[in-house]
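Thanks for coming. Please have a look at it first.

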Amino acid sequence: MLDGRAAVRRRINARLWLSGGWLALLAIVALLAPWLAPKDPLAQDLFAARLPPFWMAGAEPGFWLGTDSLGRDVLSRIMHGARIALAVALVAGIATCLIGSALGLVAGFMRGWADRIISRLVDIWMAFPPVLFAILLIAVLGTGLHSIIIAIVVIDWTRFCRVVRAEALNQSAMDYVASAKVAGRTRLSIMVREILPNVLPTIVALVTLEMGIAVIVEAILSFVNLSISTDAPTWGGMIAEGRISIHQAWWVLVFPLVTLFLTVLSFSQFGEGLKDHFDPVLR
Amino acid sequence: MSAFLEIEGLSAVLAGTGARLLRSVSLAVDTGEVRGLVGESGAGKSMIGKAVLGILPKAVRVAEGAIRLDGHDLLAMRPADRRRLIGSVAALIPQDPLTALNPSKRIGPQITDRLVDILGWGKADAQARALELLGEVHIEDPERVIGRYPHELSGGMRQRILIASAFAAEPRLIIADEPTTALDVTVQKQILKLIGEMQAHHGTALVFVTHDLGVVSKVCQSLSVLYAGKVVEDARVADFFAAPRHAYSRALLAATPKYTDPAASLQPVDPSVIEAVTAEVAVADREWIHGR
């Protein structure tokens, strides 16, 4: 008495391969940047300023993607920038996910006063414009990597909270939750062992999306010079510098921009792909 | 010797408005007995089962009455003790097999988790028990099914698994909440037969919630007819079908379509009967409010 439903097999699709591949490459580069980077990202050489990328006339060997207006190697700076971007993405993404999901799960499953308090808090929170909120937080906390991470967590936990709450609310209405109650399970055990696994695909999709957002927020804050020290190689900082010399040296702006774009795109596509892949029910 | 499940004068109200959903319901189910709860939608059939199992919606509150399970007064117990007692002697066969299995868990753990986590069985014993039960509910190739996810199985199979799961810990009371409503007619018949078979084999007390009198005549020994949360008739099944006492019961019975003559036999309940029974409920309500 088995029917065809069991025979469905899912392949890992191109979307997952491409986005996952880019992220893996980025992770390797970030981990090994001090050894992989061809040049010192901070070394300035005004005689080698605004060198074009390797395929253009006037390029110098060793500076694959050219140099910026202070003669710093663009490729090396992008590689070192990946360290900061990925560190922010991982730490901020995971911390946001943990806090937001936990509150959302409690609100959606427990309902009652817990839900009322958490939901009102989310409503109030979301009334603040996020970028202004971030700048305000940085102003209060001071610049630095940890301030950026804290700012992202403080602002974005509501994103998880709302979605996870809605999912948990849905799941709690299912009969399997009633059966688990009858079976004598405690509320904590029902929440963690019955409901959480069903919300997990959504959380996975959200957490990767959030990592992409964290990369963007870090870039925005670097762009407006509110990130770490001006000298440090950040993608946002590079874009800000490249903007000034766009007419003389487009590569200083374009390469970090493309890297940023691909990274954010990969994060969101990777999350969606994982969600589809791990969801036990084809949706 | 008192019955295994006794409900006495149970009233449930909607928090906030104070509207009564259950109106002094009394009934008893003995070990090995199958009692049907019949009535229209909204008559409070499922609510009784939920009250017994402690899964009433948050907005519904028990206002008075007693529920005794195996001699223990459920409403007087501490919540943790109540949960433990219900978990060890009672089980639920839910209405909708499509949402009653956790979609992210394999079938095996859905049956065995309760045995292992709550009742402290060994893993191997629980696994063996699950296989044995799947055999009992006529699932072929249980070893294969045990590793499947719910969405890989048909509705009828899922309901069989839920039945197996309900009987897993040898509960002494099972509440079946319209277990066949979500299934198509041919599967319904098999599942009814299966529930009857399992109940007879295990000697469980069974409360069978349904709106189908035909089903009651097949599986139940006694029944309670509900209207607006009030028991209007409590009878043995044989007596009931021979001579229903209450006017509403008679009308309900008359409204059951007969396959021999569906067009002529499909009669709505007469409005005068509804009026009379509504008035009866209103009188009961006045007395109830007066008495408080």
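This is a predicted model, and I begin with A:F270, which counts as buried because it has 26 C-beta neighbours inside 10 Å; the cut-off for buried is 20 or more. A:F270 is part of helix α9 of chain A, residues 251–278. Leaving aside residues up to four places away in sequence, A:F270 touches A:L16, A:S19, A:G20, A:L23 and A:T208. Then there is A:L209, 61 residues from A:F270 along the chain, with 8.5 Å between the two C-alpha atoms.

Next, the contact between the chains. On one side there are 22 residues of chain A, and they are in contact with 33 residues of chain B. Which elements of chain A give two or more residues to that side? They are α6, residues 175–182, and α7, residues 187–223. The most comes from α6(A), with six residues.

Now over to chain B and its sheet. It is open and mixed, with six strands in the order β6-β7-β8-β3-β9-β10. At the edges are β6, 90–93, and β10, 230–236; each has a single partner strand, so one side of each has no neighbour in the sheet. From one strand to the next, the twist averages 15°.

Within that sheet, take β3, residues 34–39, and β8, residues 205–210, both of chain B: they run parallel and are joined by five bridges. One pairing to look at is B:V38, whose bridge partner in β8(B) is B:T210.

That is where I will stop.

Terms used: Residues are numbered from 1 along each chain as its sequence is written. Chains are lettered from A and ligands numbered from 1 in the order in which they are written. This is a predicted model: local features need pLDDT of at least 70, side-chain atom pairs count only at pLDDT 80 or more; totals for chains, interfaces and linings use all residues. Two strands pair if DSSP finds at least two bridges between them. Helices (H or I, at least four residues) and strands (E, at least two) are DSSP runs, numbered from the N terminus. Axes are lines fitted to C-alpha atoms, for helices over the stretch in contact, and angles run from 0 to 180 degrees between N-to-C directions. Two residues are in contact if their C-beta atoms, placed from the backbone, lie within 7 Å. A residue is buried if 20 or more other C-beta atoms lie within 10 Å of its own, exposed if 12 or fewer, and partly exposed in between; C-beta atoms are placed from the backbone.
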